[in-house]
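Colleague: I would like to learn how to read the features of a model like this one. Please take them one at a time.

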Amino acid sequence: MARAVAVLAALALLPFAPPAAAQTKETLRVLAWPGYADTDLVRVFERRYGVHVEITLVDSDDALWDRLRANRGADFDVFAANTAELRRIIDEGLAQPLDLALISNVSRQLPRFRDLSSLPGVVRRGQVYAIPYTYGEMGLIYDRKLVPEAPTSLTALWDPRFQGRVLAYNGSSHNFSLAAMSLGSKTPFRIAPAETRKMIERLVALRRNVRTFYTSPEESVELFRENRVALMFANYGVQQLQLLQKAGLDVGYVIPREGALAWLDCWAITRGARNRRLAEQWINYTLEEPVSTALTERQGLANTLHEPAHLAEGARLFWLEPVEDAERRAALWRRIIAGDPPERF
């Protein structure tokens, strides 16, 4: 609590308050996810720039997409979206390029986030459309008592020693990417037609090795506890780790050597923004040390300024991208999870 007070005090004392913004009392319209714009931090921004901030929260990518498309982006100024969603948002003409000269705090970010050209969906035709803000990866969680040595590879999910004691996520897109990574693919979001059967066989083998498939973090905790699970593909990453630890379970968390699927949420500005400069000031503000630190301390989410304690330096992350054919992956997955053997495909 003392640290939180100190953070707010430090923010409030920063000597920024452009007279024009203070006089006009403009409104900045922010579309974001829970935890990305806490009330106390928003108030600091309002006082600093003499503006009003209007926050709208979403809880799914579909909801975000619908909000942005409803009025061609004109209902909001700045929004947060993951890199997989950014591509279609930009394609639809709902976002505009950023002026990095007005977002100086990008210099505070870790090197891998400053290299924007390496991040999928962020740069288009040489122009930057988004700035990374927070992320999460999908590692492996294991019971320390049942698995004394931490697993080092995704192939552990297929290990017959753990048959019936593995949990996996019930998601078509992620599971095909997971199968591809376990077989050494460097492009898990682009599975060639010739490789599809191999992936089907891999996922049927996974189905035969797992106890069951979960959907929500809470469900995974219950299943983990009730079935003496040894190993789990953690689709929700550290969030699941913390839930299991709070439930009193002795669990570990690792990023396998093949790497981990990861989502990366970025700030972007709508095509219909009323005040682009103010929107860029918001993005810059969220990259200040106290704000990014609050994101991690309050929400348990990684920020782009510091390496998270659980993530080894140099850990390989596959930032989510749109896949080659989401509908086909979904149709095949329904057959796999229903019990169809490989020869029926």
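Colleague: Where is N235 placed?

Modeller: N235 sits in the loop between β11 (231–233) and α10 (238–246). Helices here are DSSP runs of H or I with at least four residues, strands are runs of E with at least two, and both are numbered from the N terminus. This is a predicted model, in which local features need pLDDT of at least 70, side-chain atom pairs count only at pLDDT 80 or more, and totals for chains, interfaces and linings use all residues. Residues are numbered from 1 along each chain as its sequence is written, and side-chain values use heavy atoms, with hydrogens and water left out.

Colleague: Is N235 buried or exposed?

Modeller: Buried means under 20% relative accessible area, exposed means over 50%, and partly exposed is in between, with a 1.4 Å probe and protein chains only. N235 has 7% relative accessibility, so it counts as buried.

Colleague: What does the side chain of N235 contact?

Modeller: A polar contact is a pair of N or O atoms within 3.5 Å; within protein, one must be able to donate a hydrogen and the other to accept it, and residues adjacent in sequence count only if both atoms are side-chain atoms. The N235 side chain makes such a contact with the side chain of H174, at 2.8 Å.

Colleague: How do I read a pocket, and how much space lies in the largest pocket?

Modeller: Rolling a probe the size of a water molecule over the atoms shows where empty space is left. On a 1 Å grid over the protein atoms alone, a pocket is an open set of points with protein on both sides within 12 Å along at least five of seven lines, whereas a cavity is a set where a 1.4 Å probe fits but cannot get out; lining residues have an atom within 4 Å of a point. Points are joined across faces, edges and corners, and a volume is the space filled by probe spheres set on them. The largest pocket holds about 1,600 Å³. It is lined by 49 residues, and N82, M138, N235, Y236 and W263 are the closest to its centre. The helix α10 gives the most to this lining, with five residues.

Colleague: Which residues line the largest cavity?

Modeller: The lining consists of G35, Y36, A37, D38, L41, Y133, W282, Y285, V291 and L295. The volume of this cavity is about 50 Å³. Two helices, α11 (276–286) and α12 (289–299), each supply at least two of the lining residues.

Colleague: How is an aromatic pair described, and what is the case for Y133 and W267?

Modeller: A pair of aromatic rings is described by the distance of the centres and the angle of the planes. Rings of Phe, Tyr and Trp (its six-membered ring) pair if their centres lie within 6.5 Å; planes under 30 degrees apart count as stacked, over 60 as edge-to-face and the rest as tilted. The structure holds 14 such pairs. The ring centres of Y133 and W267 are 5.4 Å apart and the planes are at 45°, so this pair is tilted. It links distant parts of the chain, with Y133 in strand β7 (residues 130–137) and W267 in strand β13 (residues 260–270), 134 residues apart. Y133 is buried at a relative accessible area of 2%, and W267 is buried at 0%.
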